[in-house]
Structures are given as C-alpha cells and as structure tokens.
Amino acid sequence: MKRGVVLYRVSTDKQDYQMQIRKNREFCKNNNIEIVDEYEEYDVSGYKTKLNDRKELMKILTRAEEKQDFDYLVIYGFDRIIRREDEAPYVLSILTKNKVECIEATTGEVLKNDEMSDKLMNYIRFWQAEMESAKTAQRVSDALENKNKRGEYAGGRPAFGYKLYQT
C-alpha cells in the first residue's frame, strides 16, 4: 500500500478548511493511499510566510529526509504547498531527493521535478502563484484605502469610544 502525508493550509477564515480535508481524504481512499499523518496550517499565508516559519511544512520536509516513511505529499491544490517562486525549488528538491511525490487531490496531477523542463515549469507555476498573491494583496489594500477615504468602516477593532451596530 502507498503511504501519504497530507498538508492542509488555509490563510484566511474565508477559506473552507473542511472541504480540503474531505477532498484530500476522499482522494487518498480512492487511490489506495494510506494516510500516515496529517499536518494543518491555519492562518498561514503561502506568500507572506517565509518557508522557515512554516512549521508544519518544515516538519514534513524533515520527516521526508529523516524518516522516509511516506511516498506522497497530498495537497488540495499546488498553491497550498507554497506560493513563493524562490522557495519552491528547495521544497521540491527535498521531496524529489527522498522519492516523495507531491500530488494534487483536486486533479490527481503529480508535481514532477526530475527533468530540467519540469523544474522550469515548476518555476513558472510558482512564479505565477506568487504574482497572483501579490495582485490579491494589492486589491485588498486598495479596497481598504478607498473605504477609509470615503469614511466607511473597513474592518478591525473600532476606535476607542466607538461601537459597532448591525444594520
């Protein structure tokens, strides 16, 4: 039987963590992958959080090197593992060196990293993911700035002496 480790990551409370769990477990069951462990990253941005601060992902990489007790890293989508093009080659090289395949539960696609063309495609994939994160961050920042300029509530804790009321 194939052995897998599953990584769940959500960066905001607006993302559906339970859906990731359901989809990843269903994928493993349908593909005869025994889940040997599950790692959870709540409120962790794959873009803003540096790799060394991604405690659960670092545990997975260390486990791949030291224990070598799993064959697959199963993730909901490739953007759940990393969104920084500069760190992706390091993560993928550790997995590849230790014969761990990174597989996306939504598509069944395996993130290959053996050939130079695979490495180029991965660089482009994670560069694009990083660019999308940067664009999203800019849109959110612009929206908050516009709300502030119009004097609208933009979220967060109200200033001292103010109360929020539901309308």
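Modeller: Let us begin with burial: a residue is called buried under 20% relative accessible area, exposed over 50%, and partly exposed in between, with a 1.4 Å probe and protein chains only. E104 therefore counts as buried, at 10% relative accessibility. This is a predicted model, in which local features need pLDDT of at least 70, side-chain atom pairs count only at pLDDT 80 or more, and totals for chains, interfaces and linings use all residues. Residues are numbered from 1 along each chain as its sequence is written, and side-chain values use heavy atoms, with hydrogens and water left out.

Colleague: In which strand is E104 found, and which residues does E104 touch?

Modeller: Helices (H or I, at least four residues) and strands (E, at least two) are DSSP runs numbered from the N terminus. E104 belongs to strand β4. Contact means heavy atoms within 4.5 Å. Leaving aside residues up to four places away in sequence, E104 touches F27, I75, Y76, G77, F78 and E109.

Colleague: How many disulfides does the structure hold?

Modeller: A disulfide is a pair of cysteine sulfur atoms within 2.5 Å. The structure holds 0. For C28, the closest cysteine sulfur is that of C102, and the 12 Å between them is too far for a bond. C28 is buried, with a relative accessible area of 1%, and C102 is likewise buried, with a relative accessible area of 1%.

Colleague: How are pockets found, and what is the volume of the largest pocket?

Modeller: Rolling a probe the size of a water molecule over the atoms shows where empty space is left. On a 1 Å grid over the protein atoms alone, using a 1.4 Å probe, a pocket is an open set of points with protein on both sides within 12 Å along at least five of seven lines; lining residues have an atom within 4 Å of a point. The volume of the largest pocket is about 520 Å³. Its lining has 16 residues, with S11, T12, S45, K48 and T136 nearest the centre. Helix α4 (residues 116-149) supplies the largest share of that lining, 5 residues.

Colleague: What of the second largest pocket?

Modeller: The second largest pocket holds about 170 Å³ of space. Its lining includes L92, L95, K99 and C102, and α3 gives the most to that lining, with 3 residues.

Colleague: Where does K99 lie, and is K99 buried or exposed?

Modeller: K99 is in the loop between α3 and β4. With a relative accessible area of 69%, K99 is exposed. Phi of K99 is near 60°, a positive value in a residue other than glycine.

Technical notes: Points joined across faces, edges and corners; volume = space filled by probe spheres on them.
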